[in-house]
Amino acid sequence: MRNDVLLDRVGDLLHNGRAGQAASLLTPVVGAEPENVGAWLLLARARLQLGNPAQALDAAREALHREPRGVEALYWVSAAYTALGRHELALTAAAGACAEEPGHPRLAERHGRALLAAGRTAEAEALLSAAAEIAHYDAHLHVAHGTALFAAARPLSAREAYGRALQLDPGNARALTELRRLAAVESRITDAASLVQAADAYAETLRIPAGGRAPRAARQGVAAHVSAVVFAVCLAALLLLGLGIRVAGLTVPMPLLATLICAAGAAACLTVRLRR
């Protein structure tokens, strides 16, 4: 299979969320053709989807080494640095890409999201507002602007930005997701204090700490451990209650037994699911 056809196939795999298979196909390509910038960039994207930002950065920097001012390479270098929580380097790369192609909506979005991840909400909102005014035809940029507006405690303006995105792209998944999230939060806003609290909580979900977020596998491992502990505790309680009923004639309310049985069953199912 010719490599250009292979790279097209890899792009389809990444679009469909099959990053592991994409990375497996790309590894021999960059080994045989280390000058293939496109393959390095796709490998960086695949590794980011797999939650390996350090390896993604290595691949993106290989591309940047071969194409020093390439905007795609700068984009993925910035994205990898953001995922690692190295925000100043992420912003430097994003700004460099924007300087190469001023007004490019995708590059402006990367710059804005890098600012949001660094906790610089006001700067992100200002940058994305200007970019969305210029590239008013880009739905993804309006979604990013709405995200910044929501984090800046301006939910009504955020809703308008998501609405503009959906006018341009009615099926935009990210806009629909953010609208649902916004609606859920708005139902809990009753005054100025609760608005600020909700916006701060949302902004916190956008921030990435130094060193990056814990890998998904690690988070699942912790959750699986907790659910296993809950299962063991519920099972031990049921055994003790059963022994008390049998030996001492203990009277146990049925709602308590039902609650313990349900909790044990739910914990067991969750443990099995997380450890697959």
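Helices (H or I, at least four residues) and strands (E, at least two) are DSSP runs, numbered from the N terminus. The structure is a predicted model, in which local features need pLDDT of at least 70 and side-chain atom pairs count only at pLDDT 80 or more, while totals for chains, interfaces and linings use all residues. Residues are numbered from 1 along each chain as its sequence is written, and side-chain values use heavy atoms, with hydrogens and water left out.

The chain holds 14 helices and 0 strands. Read from the N terminus, the order of elements is α-α-α-α-α-α-α-α-α-α-α-α-α-α. The chain is more spread out than a compact globule, because its radius of gyration is 24 Å, well over the 19 Å that the globule rule gives for 276 residues. The radius of gyration is taken over C-alpha atoms, and the globule rule is 2.2 Å times the number of residues to the power 0.38. Along the principal axes, the C-alpha trace spans about 80 × 55 × 35 Å.

Next comes the matter of cover. A residue is buried under 20% relative accessible area, exposed over 50%, and partly exposed in between (1.4 Å probe, protein chains only). By this rule, 41% of the 276 residues of the chain count as buried. The accessible surface of the chain comes to about 15000 Å², and carbon and sulfur atoms account for 60% of that surface. These areas come from the Shrake-Rupley method with a 1.4 Å probe, and for residues only the protein chains shown count as cover. A contact means heavy atoms within 4.5 Å. Of the contacts between residues at least 6 apart in sequence, 53% join residues at least 24 apart.

Helix α7 is mostly covered, with 12 of its 13 residues buried. Among these buried residues are Pro 105, Glu 109, Arg 110, His 111 and Arg 113. The cover over the buried residues of α7 includes α5 (71–83), α6 (87–100), α8 (121–134), α9 (139–151), α11 (173–186) and α12 (192–206). After α7 comes Gly 119, whose phi is positive, near 85 degrees.

Within helix α7 sits Glu 109. With a relative accessible area of 12%, Glu 109 is buried. Beyond residues up to four places away in sequence, Glu 109 touches Leu 128, His 140, Leu 141, Ala 144 and Arg 174.

Helix α8 contains Leu 127. At 22% relative accessibility, Leu 127 counts as partly exposed. Leu 127 and Glu 109 are 18 residues apart in sequence, and their C-alpha atoms are 8.9 Å apart in space. Setting aside residues up to four places away in sequence, Leu 127 touches Ala 108, His 111, Gly 112 and Leu 115. An α-helix has 3.6 residues a turn, so residues three or four places apart point the same way.

Helix α9 contains Thr 147, which counts as buried at 1% relative accessibility. Not counting residues up to four places away in sequence, Thr 147 touches Arg 113, Leu 116, Tyr 162, Glu 178, Tyr 202 and Leu 206. Ala 153 counts as partly exposed, at 25% relative accessibility.

Leu 25 belongs to helix α2 (residues 19–32) and is partly exposed, with a relative accessible area of 23%. Leaving aside neighbours within four places in sequence, Leu 25 is in contact with Leu 6, Arg 9, Val 10 and Leu 13. In helix α4 (residues 53–66) is Ala 59, buried at 0% relative accessibility. Apart from residues up to four places away in sequence, Ala 59 touches Trp 40, Leu 43, Ala 44 and Arg 47. The C-alpha atoms of Ala 59 and Met 254, 195 residues apart along the chain, are separated by 59 Å.
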